[in-house]
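Thanks for coming, everyone. Please look at the model on the screen while I talk. I will keep it short.

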Amino acid sequence: MTEALDDRPVFSAELFPHRSLGRKGFRVLLSLAALGFVPNMLYFTAHGAWPIALYCLAAFAGLYAAFRWSYRTALQREHVSVSRLEISVTKVTPAGRRLEAHYNPFWARFMVDRHDEFGITRMALAGEGRRTEIGAFLNPDDRESFAGAFRQALATVKQRI
């Protein structure tokens, strides 16, 4: 019975990138951009300056592609859990590929790189000759919050010997 209790997660977090512009905002932004580009394209085409119209079309296509790429990268996820028996880090890429790393909580080290002005710039879990970066896509405030909670979870697990 005590083994089942030891395997329960003390800490579990799902990390994902923040996107401030939702789908509706994306449609509104593209509509406003089209309202700006289309009249210019028509004007320049009517006056024989079709290369400028092609440039406007390329700029609109670039804007669309940049936002599509941004939403695609937002599909990545990281699940981090800490139990008395193991630390588990599962990363899911935007393509759906899963990468897993498991560490012994008593041997793993949580490493944080800090910058005086920007705060935490990098977080990683290291041990057994391996290193796994965690939360590279998080903003500085979320990194600080995660680092504090994760450190507390590790301390809790190590106290329960």
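Five salt bridges are present in this structure. By salt bridge I mean a side-chain nitrogen of Lys or Arg within 4 Å of a carboxyl oxygen of Asp or Glu. A caution on the source: this is a predicted model, where local features need pLDDT of at least 70, side-chain atom pairs count only at pLDDT 80 or more, and totals for chains, interfaces and linings use all residues. Residues are numbered from 1 along each chain as its sequence is written, and side-chain values use heavy atoms, with hydrogens and water left out.

Helices (H or I, at least four residues) and strands (E, at least two) are DSSP runs, numbered from the N terminus.

Is E78 buried or exposed? E78 is buried, at a relative accessible area of 5%. K91 is partly exposed, at 22%. The cut-offs: buried is under 20% relative accessible area, exposed is over 50%, partly exposed is in between, with a 1.4 Å probe and protein chains only.

Stay with E78. Its strand, β2, covers residues 77-83. The E78 side chain also reaches the backbone nitrogen of G135, at 2.8 Å. Leaving out residues up to four places away in sequence, E78 touches several residues, including A13, L15, T90, E133 and F137. Touching means heavy atoms within 4.5 Å. E78 and E100 are 22 residues apart along the chain, and their C-alpha atoms are separated by 9.6 Å.

The closest N and O atoms are 2.7 Å apart. This pair links distant parts of the chain, with E144 in helix α4 (residues 140-159) and R114 in strand β5 (residues 109-115), 30 residues apart. E144 is partly exposed at 33%. R114 is exposed at 51%.

E133 sits in strand β7 (residues 130-134) and R122 in strand β6 (residues 119-127), eleven residues apart. Both ends are partly exposed: E133 at 33%, R122 at 40%.

Next, L99. This leucine lies in strand β4 (residues 98-103). L99 is partly exposed, with a relative accessible area of 34%. Beyond four places in sequence, L99 touches V89, T90, K91 and T93.

Which residues of α2 are buried? F26, L30, A33 and M41 are. Their cover includes α3 (50-73). An α-helix has 3.6 residues a turn, so residues three or four places apart point the same way. L32 is also in α2, but counts as exposed at 55% relative accessibility. Just after the helix, G48 takes a positive phi of about 80°.

That is the tour. Questions, please.

Key. A polar contact is a pair of N or O atoms within 3.5 Å; within protein, one must be able to donate a hydrogen and the other to accept it, and residues adjacent in sequence count only if both atoms are side-chain atoms.
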